[in-house]
Amino acid sequence: MAIYPGSFDPITNGHLDLIQRGSRLFDRLIVSILRNETKEPLFSVEERTEMLLEVVHVYPNVEVDSFDGLLVDYATEHSATVLLRGIRAISDYEYELQMALMNRRLRPEIETVFMMSNEAYSFISSRLVKEVFGLGGNISGLVPPSVEARLDRRLSKTKLKGA
Ligand code: PNS
């Protein structure tokens, strides 16, 4: 059983590609959202959970959950042996290596597995999607259509508020 942890604020097609790959590799995959309010997320954990559920329901062995505290403790509580993370470019490597080695130091029995998403998604990040969308750029094809619709609704709400 594996855990795919992250902020998913919001889920992108890069994340989704990794979930699909992970669902083929592991018997069970839990996609788990970090509950961290200090990051000032655009979407609440509940909204992010809904968005994830809308797109992962097609994979019977994929579940959605959230966690706080240490990731390795959460993984241990769920008897997970693998932490799944995606690497896009070499720039991701340093941060991911630090986390993987720290997690290994904390719990040597849990292994971090890195996977590469489709190269078509190698430039996508939740942060850039939010920035481009907020400035009126086209993000279709970068996030699932249900997420795009939610971003649309969020933006029109903000505009109404500002008016
Ligand atoms: O998608 P992100 O924001 O890059 O995911 C980062 C995440 C959630 C994997 C990382 O921040 C995390 O594991 N946080 C939980 C707290 C923890 O265990 N910290 C020590 C990591 S070495």
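Phe8 sits in the loop between β1 and α1, with helices (H or I, at least four residues) and strands (E, at least two) taken as DSSP runs and numbered from the N terminus. Phe8 has a positive phi of about 45° despite not being a glycine. This is a predicted model, so local features need pLDDT of at least 70, side-chain atom pairs count only at pLDDT 80 or more, and totals for chains, interfaces and linings use all residues. Residues are numbered from 1 along each chain as its sequence is written, and side-chain values use heavy atoms, with hydrogens and water left out.

- Some background first: most residues other than glycine have a negative phi, and most peptide bonds are trans.
- Phe8 counts as buried, at 2% relative accessibility; buried means under 20% relative accessible area, exposed over 50%, and partly exposed in between (1.4 Å probe, protein chains only).
- Pro10 is also placed in a loop, between β1 (2-6) and α1 (13-25), and the peptide bond joining Asp9 and Pro10 is cis, with omega about 0°.
- Ser79 is another non-glycine with a positive phi, about 55° here.
- Look for Ser79 in the loop between α3 (71-77) and β4 (82-86), where Ser79 is exposed, with a relative accessible area of 57%.

**Around the ligand**

- The shell around the ligand has 13 residues, and Gly6, Ser7, Lys39, Leu71 and Arg85 come nearest; a residue is near a molecule or strand if one of its heavy atoms lies within 4 Å of it.
- Helix α4 (residues 90-106) gives the most to the shell, with four residues.
- Ser7 uses an N or O atom of its side chain, 2.6 Å from an oxygen atom of the ligand.
- Leu71 goes through its backbone instead, with an N or O atom 2.8 Å from a ligand oxygen.
- Arg85 has a side-chain N or O atom 3.0 Å from an oxygen atom of the ligand.
- Taken alone the ligand exposes 550 Å², and the protein buries 77% of that; accessible areas come from the Shrake-Rupley method with a 1.4 Å probe, and for residues only the protein chains shown count as cover.
- The ligand takes up the space of the largest pocket (on a 1 Å grid over the protein atoms alone, a pocket is an open set of points with protein on both sides within 12 Å along at least five of seven lines; a molecule sits in one if more than half of its atoms lie within 2 Å of its grid points).

**Sequence versus space**

- Ile3 is in strand β1 and counts as buried, at 0% relative accessibility.
- Ile3 and Thr81 are 78 residues apart in sequence and 8.3 Å apart in space, C-alpha to C-alpha.
- Ser44, in the loop between β2 (29-34) and α2 (45-56), is partly exposed, with a relative accessible area of 29%.
- From Ser44 to Leu83 it's 39 residues in sequence and 23 Å in space, C-alpha to C-alpha.
- Asn118 belongs to the loop between β5 (111-115) and α5 (126-134) and is partly exposed, with a relative accessible area of 27%.
- Asn118 and Gly134 are 16 residues apart in sequence and 25 Å apart in space, C-alpha to C-alpha.

How values were computed:
Polar contact = N/O pair within 3.5 Å; in protein donor to acceptor, adjacent residues only side chain to side chain. 1 Å grid on protein atoms, 1.4 Å probe; cavity = no way out; pocket = protein on both sides within 12 Å on 5 of 7 lines; lining within 4 Å.
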